[in-house]
Amino acid sequence: MSHTVLVCDDAIFMRTMISDILNQAGFDVVGEAESGLQAVQKYRELKPDLVTMDIVMPDMGGIEAVREICKQDPDAKILMCSAMGQQALVVEAIQAGAKDFVVKPFQPSRVLEAVQRVLG
Amino acid sequence: MADPKYAALFLAESREHLRTCNQLLLDWERTPGASEPVNGLFRAIHNIKGMAATLGYGPVADLAHRAENVLDTIRGGRTTITPDLIQLLFRSVDALEKAVEGAAAGKGEPSARLLAALDRAGAGGSGPEQTGADGSSREPTGVGGDPALARSRPLPSAPAPAARPPARPPGHLVGVTIRSGTPMRGARALLALRRVEAFGKVTALRPPATAFEREDFDGRFSFHLRTDTAPAEIEAAIRAAGEVEAVAFDANVAVETEGPVVAARQIRVDLSRLDAMMKLVGELVVARNRLLDLARGDDTELQEVAGSVSRLVGGLQTQVVAARMTPVSEVFDRFPRLVRDLARDLGKQIRFEMEGGAIELDRSILDELGDPLLHLIRNAADHGLESADDRQATGKAAEGRILLSAIRERRTVAIRVSDDGRGIDRAAVLARAKRDGLADAAVETLTDDVLLRVLSRPGFSTARQVSGISGRGVGVEVALARARAMGGSLEVQTEQGRGTTFTLRVPLTLAIVRALLAQAGEERYAVPLAYVAETVEFDPRAVTALRSREALVVRERVIPTVHLRDLVAAKGNGLPARRPTIILEVGERRTALVVDALLGQQDIVIEPFDAPRGLPSYLGGATILADGAPALILDAAALV
């Protein structure tokens with residue numbers, strides 16, 4: 001039984017790329033969100049095993065969404081996806097409850113390593 | 001040498017050196033056998049002497065010189081270390097502080113007595129004055145001139161308030177190196193750190209956590225982990241964070257022994273420059289908002305430019321705000337010395353602990369915190385903690401504990417002063433309040449909220465005599481007033497016999513704040529987002545009653561409501577069909593604020609506000625909105 005994943009990013013390109021990497025590796029991408037708000041809502045509905053979360057998104061950013069999701073579910077497994085040069089934001093995200101992070105541009109191997117770490 | 005730049009540099013550098021001296025003296029007092037503090041003290045004072053001599057500040061140079069002699073004598077083992085000697089050095093540091101501050105003005109001559117005492121001590125004995133504050137200094141100890149006598153009087157193990165032999169904490173010193181070439185080593189380091197926090201308490205983190213966010217963090221850090229867990233397991237947990245190059249334990253760890261890391265790439269900036277920048281950025285933000293508003297039309301080129309400007313202003317704002325952020329340890333660091341002195345004066349045993357020093361706040365907010373915290377800590381030491389005898393009589397440890405902690409919340413920082421003392425006697429406060437006409441005769445018990453309100457009435461005090469150390473009332477009143485002035489709040493929790501905790505909550509930054517705009521009647525109001533938990537619809541079916549007040553059920557929580565219309569006595573035509581409701585949250589307390597409409601979020605600049613008399617407490621300031629019209633800012637703390 002494969003792990004379910006919710007992919008959150010406001011760019012279709014990124015969502016597609018991440019979903020491809022994950023699907024090909026045997027994960028089951030069960031939903032996508034394009035804003036922090038949607039991310040929180042979809043997390044509630046789908047209760048995925050893992051969430052990938054972009055930091056900068058409209059209508060509630062990634063860090064806020066991490067906070068909200070962790071409020072609902074302290075065990076939520078969230079992987080932050082960040083652009084280069086945003087270390088302070090990544091640190092904030094970790095403090096808000098994110099379990100790990102990857103930096104764009106992605107290398108599929110690094111993404112999968114990070115996913116493994118988060119899932120434990 | 002007449003260049004004021006040098007005087008300013010002298011002042012800034014000397015202040016840092018003296019801060020270090022206080023810290024070292026406190027450390028030394030706890031472990032009198034250590035040689036490290038003495039060397040550090042010598043270096044610091046030597047530096048001050050050098051600068052003072054160059055600038056011709058005679059009194060400072062002279063005092064520093066004598067203190068240096070004493071330290072040299074200690075280093076050379078030519079004198080015994082006694083509590084009196086350490087106290088002499090404390091007093092010398094105080095005198096140096098005064099002399100340094102007064103140097104440029106030619107004031108601050110140290111007392112002749114102090115100089116004489118230093119001379120005696122420097123000659124190879126300890127030349128204390130009979131302080132008598134603790135019994136051990138009744139007689140002169142370690143008298144110079146009779147080496148036999150000096151040797152036969154080892155450091156007395158007096159019950160000095162802050163001097164305990166250090167317990168070797170069980171656990172390990174751990175050193176971690178993050179693989180080089182890894183992106184965001186600081187974030188990776190943080191992940192590794194979080195993984196070991198499950199095993200026990202992490203202390204002595206070097207460099208401090210703030211360094212993790214810097215681009216020049218080199219991926220190496222060390223800390224002490226208090227735990228029984230085996231090193232192999234600790235290492236496995238750290239490596240599970242990913243990208244870990246090496247993990248070393250105990251003797252194999254190279255720890256930086258210097259104080260807080262001062263990166264090479266820093267410059268001193270006058271605070272007034274940062275204030276000026278902040279003000280300009282504030283006005284720029286308002287203008288930016290107006291530009292965005294005006295650019296909503298059909299002119300695409302204008303929109304593009306407006307968009308550009310918007311991003312740039314946003315970036316600038318972030319940078320200026322970040323430049324002003326300062327770790328709270330800057331203010332916290334003065335307190336260990338203060339508490340030590342308080343404990344001496346009061347004849348109590350007090351252990352003072354601090355947590356969260358690395359958490360950052362806007363400089364101007366931080367500057368305002370010093371006084372309120374000072375009052376609260378004094379209160380805790382004076383009124384909160386019982387004497388060692390009283391404590392032992394009730395089965396408590398003789399040593400009382402005061403904890404000063406800072407915790408980062410969503411957009412606020414909560415700073416707590418906790419003591420494990422006698423707690424506030426609600427019955428006594430209530431009786432006194434009734435007597436003063438501040439509480440109704442029919443009231444049975446005081447809730448924490450009402451307690452705070454009563455305590456903070458001007459002049460209220462249950463202290464039997466107003467000692468030189470403030471009575472409870474003054475302290476709480478000042479703290480509350482300052483907290484509110486900063487857009488923050490103050491809360492108290494207390495349990496009789498167990499202790500008291502005051503929580504001072506402040507926003508992260510002051511001037512520019514993201515707010516939610518709401519309409520009531522014809523006016524617009526701004527609510528700082530820091531205190532907005534969420535927004536919901538006012539659903540008449542979810543209305544209930546809580547202690548005969550209207551309340552709303554939101555996700556299984558019952559939250560009392562406030563109708564903004566009614567509060568501000570708004571004129572308007574009838575009720576709108578739907579009523580958005582803002583759930584305000586301050587700490588643990590919530591209120592559902594029902595408004596006519598929500599008008600989106602905006603960055604607002606909090607204008608300085610001369611509150612006219614009789615202004616309702618729920619109004620906390622004013623601002624100019626994007627369209628140039630004014631709006632009043634609601635004070636969430638007053639509404640919950």
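This tour moves through chain A and then chain B, one selection at a time. The model is predicted.

**Stop 1: all of chain A**

Select chain A and colour by secondary structure. How many helices and strands does chain A have? There are five helices and five strands. Now trace the chain along its sequence. Its pattern reads β-α-β-α-β-α-β-α-β-α.

Next, show the surface. The accessible surface of chain A comes to about 5300 Å². Carbon and sulfur atoms account for 53% of that surface. Of the 120 residues in chain A, 53% are buried.

Then think about contacts along the sequence. Take the contacts in chain A between residues at least 6 apart in sequence. Of these, 62% join residues at least 24 apart.

**Stop 2: strand β3 of chain A**

Select residues 50–54 of chain A, which form strand β3. Why is β3(A) described as largely enclosed by the rest of the structure? Because five of its five residues are buried. A residue counts as buried when its relative accessible area is under 20%.

Look at both faces of β3(A). On one side are Leu50(A), Thr52(A) and Asp54(A), and they are buried.

Strand β1 of chain A, residues 4–8, runs parallel to β3(A) and is joined to it by four bridges. Strand β4 of chain A, residues 78–82, also pairs with β3(A) in the parallel sense, over four bridges.

Zoom in on Val51(A). It is the bridge partner of Leu6(A). Val51(A) also has a bridge partner in β4(A), namely Ile78(A).

**Stop 3: Glu97 of chain B**

Switch to chain B and select Glu97(B). It sits in helix α4, residues 83–103. Is Glu97(B) buried, partly exposed or exposed? It counts as partly exposed, because its relative accessibility is 30%.

Glu97(B) and Arg15(B) are 82 residues apart in sequence. In space, their C-alpha atoms are 7.5 Å apart. Then show Leu18(B) and Asn22(B). Glu97(B) is in contact with both, leaving aside its neighbours within four places in sequence.

**Stop 4**

Most residues other than glycine have a negative phi, and most peptide bonds are trans.

Select Met184(B). Its phi is near 55°, a positive value in a residue other than glycine. Met184(B) is found in the loop between β1 (172–178) and α7 (185–197) of chain B. At 10% relative accessibility, Met184(B) counts as buried.

Go on to Ala204(B). This residue has a positive phi too, near 50°. Ala204(B) lies in strand β2 of chain B. With a relative accessible area of 43%, Ala204(B) is partly exposed.

Now select Arg206(B) and Pro207(B). What kind of peptide bond joins them? The bond is cis, with omega about -5°. Pro207(B) belongs to the loop between β2 (201–206) and β3 (220–226) of chain B.

**Stop 5: two packed helices in chain B**

Select residues 335–346 and 363–384 of chain B, which are helices α12 and α13. Two packed helices are described by the angle between their axes and the distance between the axes. Here the angle is about 30°, and the axes are 10 Å apart. The crossing of α12(B) and α13(B) is right-handed.

Show the side chains at the contact. On α12(B), pick Phe335(B), Leu338(B), Val339(B), Leu342(B) and Leu346(B). On α13(B), pick Gly370(B), Leu373(B), Leu374(B), Ile377(B), Arg378(B), Ala381(B) and Asp382(B). How do the residues of this contact divide by type? Nine are nonpolar, one is polar and two are charged.

**Stop 6: a six-strand sheet in chain B**

Finish with an open sheet of six strands in chain B. Follow its order: β14-β18-β19-β17-β16-β15. The pairing is mixed.

Which strands are at the edges? They are β14 (532–537) and β15 (543–546) of chain B, each pairing on one side only. Neighbouring strands of the sheet are turned by 40° against each other on average, direction ignored.

Last, select β17 (residues 557–563) and β19 (residues 589–594) of chain B. These strands run parallel and are joined by three bridges. Look at His563(B): it stands opposite Val594(B) in β19(B).

Key
Residues numbered from 1 in each chain as written. Chains lettered and ligands numbered in written order. Predicted model: local features only at pLDDT ≥ 70, side-chain atom pairs only at ≥ 80, totals over all residues. Heavy atoms only, no water. Axes fitted to C-alpha atoms, helices over the stretch in contact; angles between N-to-C directions. Left-handed = near helix turned anticlockwise from the far one by under 90°. Contact = heavy atoms within 4.5 Å. Nonpolar A, V, L, I, M, F, W, Y, C, P; charged D, E, K, R; others polar. Buried < 20%, exposed > 50% of the residue type's maximum accessible area, 1.4 Å probe, protein only. Areas by Shrake-Rupley, 256 points an atom, 1.4 Å probe, with all protein chains shown as cover. Pairing = 2+ DSSP bridges.
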